[in-house]
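Work through the exercises below with the sequence and the three-dimensional model open beside you. Try each task before you read its solution.

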Amino acid sequence: MGFPTGISGADLVWRGEVQAMKFGTRFVIPRRVAKLDPLGDGFCATFDNGQRVRSGSFVIATGVQYRRPPIDGLAELEGIGVYYAATENEAHHCRNAEVVVIGGGNSAGQAAMFLCRSASHVRLIVRGTSLAASMSNYLSSRLEGDPAISIEYDAEVVALHGADKLHAVTVRNSREGIDRDISACAVFVMIGAKPNTAWLSDMVELDKNGFVLTGAEAGADSPYATSRPGIFAVGDVRAGSVKRVASSVGEGSVVISKVWEHLNS
Ligand SMILES: Cc1cc2nc3c(=O)[nH]c(=O)nc-3n(C[C@H](O)[C@H](O)[C@H](O)COP(=O)(O)OP(=O)(O)OC[C@H]3O[C@@H](n4cnc5c(N)ncnc54)[C@H](O)[C@@H]3O)c2cc1C
């Protein structure tokens with residue numbers, strides 16, 4: 001979260017658990033911002049304990065919350081069979097084993113395509129009756145034509161089984177009203193993410209999914225500027241960001257020159 005960074009213009013109105021760091025950066029840990037308001041020619045953030053901090057500029061970097069479906073055993077198996085991203089690490093873990101991907105959108109489809117290169121079989125569990133409305137045609141045709149992938153419609157995962165690792169999944173077919181257990185070493189939950197922007201209320205423009213608009217889409221003249229001069233957004237919380245560590249870190253470093261410009265204008 002982009003609290004005042006000690007750059008000229010940042011002025012702490014509260015001096016509690018603030019630690020001075022290298023380059024004058026101050027960290028406030030652990031605190032959640034509950035709201036942000038205009039104040040004079042800058043802004044005031046109120047923490048969840050009521051304490052406040054004032055700054056001429058803010059960088060929003062509050063990320064997203066990955067959606068967690070209500071599945072028995074999900075929390076217990078996170079990181080040891082339940083994953084929210086499909087990268088080389090997870091693919092390695094699934095080599096020659098069966099995996100389940102939950103979701104009907106492009107991210108679920110891309111994960112299934114990627115995982116079927118190493119897994120013995122990938123089951124895509126889709127709550128709806130088709131992929132037409134949620135996935136691009138190109139991707140759904142590739143999934144349907146791949147013998148290493150099967151797609152189950154009208155289906156949902158209702159329970160996970162395993163102690164120190166996942167070994168089976170209960171899938172419910174809502175059309176037939178039947179539950180059945182299938183073997184799986186991993187479940188990939190790919191049902192989207194909700195941006196952490198509720199605390200922003202109407203301070204900056206958001207897209208229809210609640211992500212912060214920046215750059216041209218926000219009517220701003222620099223890529224990470226929002227619709228309100230002085231407030232910037234970087235990382236996963238930004239509409240159109242690629243949701244990777246390297247890009248989030250890169251955006252965070254690039255935006256600081258614009259913060260500096262704003263504070264000195
Ligand atoms: C399971 C998983 C695996 C992943 N694997 C990879 C990978 O292998 N490679 C890769 O490149 N990317 C991966 N990602 C994506 C990567 O984690 C994100 O792209 C990156 O962390 C985004 O950085 P960020 O700073 O925008 O947000 P985050 O890292 O999410 O940080 C946001 C921070 O803001 C805090 N916050 C939220 N609301 C408030 C508030 N109101 N007040 C104060 N603080 C608040 C949060 O607690 C959090 O600490 C993975 C993500 C997940 C979930």
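Two strands are said to pair if DSSP finds at least two bridges between them, and the strands themselves are DSSP runs of E with at least two residues, while helices are runs of H or I with at least four residues, all numbered from the N terminus. The model is predicted, so that local features need pLDDT of at least 70 and side-chain atom pairs count only at pLDDT 80 or more, whereas totals for chains, interfaces and linings use all residues. Residues are numbered from 1 along each chain as its sequence is written, and side-chain values use heavy atoms, with hydrogens and water left out.

**Exercise 1.** Find the place of strand β15 in its sheet, and describe how β15 is joined to its neighbours.

Solution. Begin with the order of the strands: the open sheet has five of them, β8-β15-β9-β10-β11, and their pairing is parallel. The edge strands are β8 and β11 (149-152), each of which pairs on one side only.

Next, take the neighbours of β15 in turn. Strand β8 (residues 82-83) runs parallel to β15 and is joined to it by two bridges, with F188 as the bridge partner of Y83. Strand β9 (residues 98-102) also runs parallel to β15, here through four bridges, and V99 stands opposite A186.

Then continue along the sheet, where five bridges join β9 to the parallel strand β10 (residues 121-125), and I102 of β9 faces I125 as its opposite residue in β10. Helix α2 (residues 106-115) packs on this sheet and touches β9, β10, β11 and β15, its direction making about 170° with that of β9; contact here means heavy atoms within 4.5 Å, and axes are lines fitted to C-alpha atoms, for helices over the stretch in contact, with angles from 0 to 180 degrees between N-to-C directions.

**Exercise 2.** Describe the aromatic pair F43 and F58, and then the pair Y83 and F188.

Solution. Rings of Phe, Tyr and Trp (its six-membered ring) pair if their centres lie within 6.5 Å; planes under 30 degrees apart count as stacked, over 60 as edge-to-face and the rest as tilted. The structure holds three such pairs. In one of them, F43 and F58 have centres 6.4 Å apart and planes at 85°, an edge-to-face arrangement. This pair links distant parts of the chain, since F43 belongs to strand β4 (residues 42-47) and F58 to strand β6 (residues 58-60), 15 residues apart. Both F43 and F58 are buried. For Y83 and F188 the centres are 5.5 Å apart and the planes meet at 35°, so the pair is tilted. Here too distant parts of the chain are linked, with Y83 in β8 and F188 in β15, 105 residues apart.

**Exercise 3.** How many bridges pair strands β13 and β14, and in which sense?

Solution. Strand β13 (residues 168-173) and strand β14 (residues 178-183) pair over six bridges in the antiparallel sense, and R172 has D179 as its bridge partner. The two strands form a hairpin with four residues between them, and G177 in the turn has a positive phi of about 65°.

Conventions: Buried means under 20% relative accessible area, exposed over 50%, partly exposed in between (1.4 Å probe, protein chains only).
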